[in-house]
Amino acid sequence: MEASGSAMELSPEEERILIRDITMAAESLAKEGDTFFLISQRWWQHWLDYVNQDMTSTSVNGSSSYGAHHHDSASSSAKRPSAIDNSDLIYDATSKGSNVEIELHDTLVEGRDYILLPQQIWEKLHGWYGGGPTLPRKAINTGLSQTDLAIEVYPLRLRLTLMPKGERAIIRISKKETVGELHKKACEVFDLILDQVCIWDYYGEQKHALMDNMDKTLDDANIQMDQDILVEVFTDGNGTADGGCTIPLQENGYTEKYSTSVIVEPSQSSLSAADGLSTNNYASRSCSSEFSQSQYLASPSNDLDNLHGTNNINTRTTPLGLTGLLNLGNTCFMNSAIQCLVHTPEFARYFREDYRQEINWQNPLGMVGELALAFGELLRKLWAPGRTPVSPRPFKTKLARFAPQFSGNNQHDSQELLAFLLDGLHEDLNRVKHKPYIKSKDTDGRPDEEVADEYWANHIARNDSIIVDVCQGQYKSTLVCPVCGKVSVTFDPFMYLSLPLQSASTRTMTVMVFTSDGSALPTTCTVNVPKHGRCRDLIQALSNACSLKNGEKLLLAEIRGHMINQLLEDPLMLLSTIKDDDRLVAYKILNVVKNTIYLQFVHRREVGPGNINSSVAWEFYGIPLLASISRDEIVTGAAIQEILQRMLFPMLGSEELQPLSMSGSSMNAASHSHQDRANKACLDSDESQLKVQELNCKSESTHKMHLQLVDENNAQVDLSSVENPIMMPGSSIVLFINWSKKDLNKYDTHHFENHPEVFKYVPAPKRTRGEPLSLYACLDAFLREEPLVPEDMWNACLNLRTV
C-alpha cells in the first residue's frame, strides 16, 4: 500500500513532533482494555532515523520507551520509509485474512524484534505509510492495583477436544476473559448449542474440574498456555443423556464417576456449610452417600473433592490432623512446608477459628486476603475427620498466581517457599491498617533491655499478626567503627536465620617458588592458610616454608597463557578471589632494590621444522621467570644475558656441570624428592656454593641465549643487536627466550614446564560419626565477628558521613 498524499505534506520534523505529543498523552492515560499494536523494530528504527536525521540529539522523547531503541546517531541522508512491514513477526507472511489467524513467532522479544505502540500512534503511522498486517493486543491488569498494566502479546493458546466425537481445535483467548466467554467460543468453533455443552479443565488430559463458574477469569481458574480443554456434549437434543457430564472425585489418586444432570441455573443444595458457604451451585449429584453437618463445618469448601470415602470413618476414635497431601508432581517441597505449618499448634488453633475478621483487605503489600483464605481452607481440610489424602491443587493455584516462580511442576527450595508463604500470610493478616513512620533513636548508652523493648514496640506498631506472634524475634547487632570507635547497637527483627554450614577453617594452596639469583631449583610448595584469609597470609606461609632471609621478599603472580597475568601485590586481597584452578608463582627477589623494574622472561620454543621460505614458528610454554633491577642502573643486553644465565644455572644438564657434578646431582635429587622434602628444598644455598656458581656462570658466559625485547610498540627487538643502554619506560619489561633444540638439550627445562593448580580437587572424605554437623557450630559461625569493608563503614558510621 502506498502512503497517502496527505502524508507527503508533513516534513520529518512535523511527524516527529506530532508522534512525540501523542506519546506523552497516551502514556499518561493508559488503562486496562486499551489497544496497543505491534510494529517491526526494523521498520520503527528506519522511521526514527528518518525523522531524526536533522537533529543533533536522536531522542524522540527522553522519557519514552518508544524511542529508546534507535541508534545514537541517524544518517543525514535517511530516506522516507516504505509501507509498514510486519511480516518478520508472523509465521505466515502472506496471510491477509482475519487477525485471529495470524500467529506470531514464539520467540519474539520486545525492543529487539518489535515495539508496542498505542492505538493513536499506530493510526497515524498507518495512515501515513499504510502496510501491515495489523497486530492489535489488549492491555490487561496483572496485579492488585489498576496501574499494574501489561500488554498481552501472547494470549492463551488452548487445545479444545470435543467429546465424544474426538475433534480437536486450537484457539487464542485472553487469560482475563471469563469462563463464559471460553464456553461461547468453544461452541462457535464446533458449531454447538450453548446449553448442551460443558467444559472441563483437562490439564494433562485428565478431568480436574468442571468449569461452571461463568464469571471466573481463566487466570483465576489457573488455565495455562497450551493447556487442554475438554468440550463435552451431554444431551442428544431430545433431553436424554448422551454419555453425561461426569464429575471425577480424585483425592486418593484414582477416579470415580457419578451420573449427574448439570443445571445451568443455580440450584438449592441440601448440603450447606457454616457462614453461608455452600456446595457447588452449578451441579447437583445423585450420590447415595450422606454427609453430616459436622464434616462440612470442619471443612468449609466450595467443592466436594475431599468428601469421598468419609462416610465409612468413625470420627469419634480417629485422631485429627493425620491427613496427608497428594503429590501433584514435584510438590514435595511445598507439601513438607505446609505440613510443618498446619501442625504448628498456634496456627492450627488460629485458622480453625474465625480468622477472617483479621484479614487486611486493603494492605498493598498483601494478596487481598486470598493467600490467607487459601491456606486456612487447606488447613481445615487437613484437620477434618478422616485420613483421605487432600489435593493441594487449589492452594497451589493461588500460590502460583502471586508467586509465578512456583508455578508448573519444577522442583523448588522448600525454605524459599516457606519464606514467601510466611511473608504473604503476615501481610494478609496484618492487624495494622495504617503503618506509621517511626524514626529509630540512637542507643546513647541506654541498657539493652530498654533499647530492645523500644525497637520491638516500633516493629509491632507497623507489623502485628499471628505470624509475628509465633515466628518473629529479635537479634542484637553491634557495629564498631574502626576509624572513630563509635559503637552502634540495633535490635533487628527476624523470622528465620540463614546459617553457614560448619566447614574447615583452613585452605590448602599449592604455589611454585622461583629464585631470581639461581641459588635453588624451582620448587612446589603446599601450605595451609586461613580459608577467609588475605594475600599476606599466603605470603607469610610461603616465607616460612622457604626460610626467606632478611633482604628478600616474595612476589606473588598469577600465570595465564604462560605469561604473568597480574602481580598480586596487595597484601589485603582476599584469598577467596583466587580460584582452585588458578596457577600461582612466588618469585623470591631482593627487597633492597630502589625504583624497581621487573624483567619478565617468557619461554618460547620452535614449532615444527619450518619451511625454507618462511620464518621459524614459535609457541609459548612453561612458567615465566622474573628478576628485579633498579631503574637507576644502566641496563644493557649483556647485563640481561648475565641475569638470565644466573637464573638458569641450576637447570644445566650433568654434562655441563662436570666440575660441579656432586653439587649438580644433589640439586637434581632434591628436585625429585617427596613433597615434604620438596618444601625444604627451598632453603638457600650457602655462600661457598654461591661463589662456585658465580665462577661457573662466568665460564658459561660465552653461550648466549636468543633473547628478544618487546618494546612499547609491541615490536620484538633482538637483544644481540642492541649495543646502547636500554630505556625503561614502564615498571616491567617483557623478554622472549627463544629456546632452540640445542638449548633444550643443554638445560633440564622440565622444572618450569609443569605448573600445578592452586588446589587439585579430590572427593572429600565422608564425615565420621565423631564429626557430627553441630547446630551450635553453625550458630557460632553466624555470630562470628566480621570486619567492615570501607563501603560498609561509610554506611554504618554517621561520623564518617559528616566528615
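1. Strands, as named in this note, are DSSP runs of at least two residues in state E, numbered from the N terminus. On that basis, Pro164 lies in the loop between strand 7 (156-163) and strand 8 (168-173). The bond that joins Met163 to Pro164 is a cis peptide bond, with omega about 15 degrees. The model is a predicted one, and the remarks here should be read accordingly.

2. A further cis peptide bond runs from Gly132 to Pro133, where omega is near 0 degrees. Pro133 is found in the loop between strand 4 (131-132) and strand 5 (136-141). As background, most peptide bonds are trans.

3. As to the chain overall, it has 21 helices and 26 strands. Of its 803 residues, 41% are buried. The chain exposes about 44000 Å², and carbon and sulfur atoms supply 51% of that area. Among contacts with a separation of 6 or more, 70% are between residues 24 or more positions apart.

4. Two residues deserve a check of their backbone, given that most residues other than glycine have a negative phi. Asp191 has a positive phi, near 60 degrees, and is placed in the loop between helix 4 (179-190) and strand 9 (197-201). Asp191 counts as exposed because its relative accessibility is 71%, and the cut-off for exposed is over 50%.

5. Val368 also has a positive phi, near 55 degrees. The place of Val368 is in the loop between helix 7 (345-352) and helix 8. With a relative accessibility of 29%, Val368 counts as partly exposed.

6. How do the axes of helix 8 and helix 9 cross? Helix 8 (residues 370-382) and helix 9 (residues 393-402) have axes that come within 9 Å and cross at roughly 160 degrees. Helix 8 is therefore roughly antiparallel to helix 9, since angles over 145 degrees are classed in that way. The crossing of the two helices is left-handed.

7. Which residues make the contact between helix 8 and helix 9? Helix 8 contributes Glu370, Leu371, Ala374, Phe375 and Leu378, which meet Phe395, Lys398, Arg401 and Phe402 in helix 9. By class, this contact of helix 8 with helix 9 has 6 nonpolar and 3 charged residues, and no polar ones.

8. Helix 2 (residues 41-51) is mostly covered, with 9 of its 11 residues buried. The buried residues in helix 2 include Trp43, Trp44 and Trp47, together with Gln41, Gln45 and Asp49. Leu48, Tyr50 and Val51 in helix 2 are buried as well.

Key: Residues are numbered from 1 along each chain as its sequence is written. This is a predicted model: local features need pLDDT of at least 70, side-chain atom pairs count only at pLDDT 80 or more; totals for chains, interfaces and linings use all residues. Side-chain values use heavy atoms; hydrogens and water are left out. Axes are lines fitted to C-alpha atoms, for helices over the stretch in contact, and angles run from 0 to 180 degrees between N-to-C directions. Helices (H or I, at least four residues) and strands (E, at least two) are DSSP runs, numbered from the N terminus. Angles under 35 degrees count as roughly parallel, over 145 as roughly antiparallel, 65 to 115 as roughly perpendicular and the rest as oblique. A crossing is left-handed if the near helix is turned anticlockwise from the far one by less than a right angle, and right-handed if clockwise. Contact means heavy atoms within 4.5 Å. Ala, Val, Leu, Ile, Met, Phe, Trp, Tyr, Cys and Pro count as nonpolar, Asp, Glu, Lys and Arg as charged, and the others, Gly among them, as polar. Buried means under 20% relative accessible area, exposed over 50%, partly exposed in between (1.4 Å probe, protein chains only). Accessible areas come from the Shrake-Rupley method with a 1.4 Å probe; for residues, only the protein chains shown count as cover.
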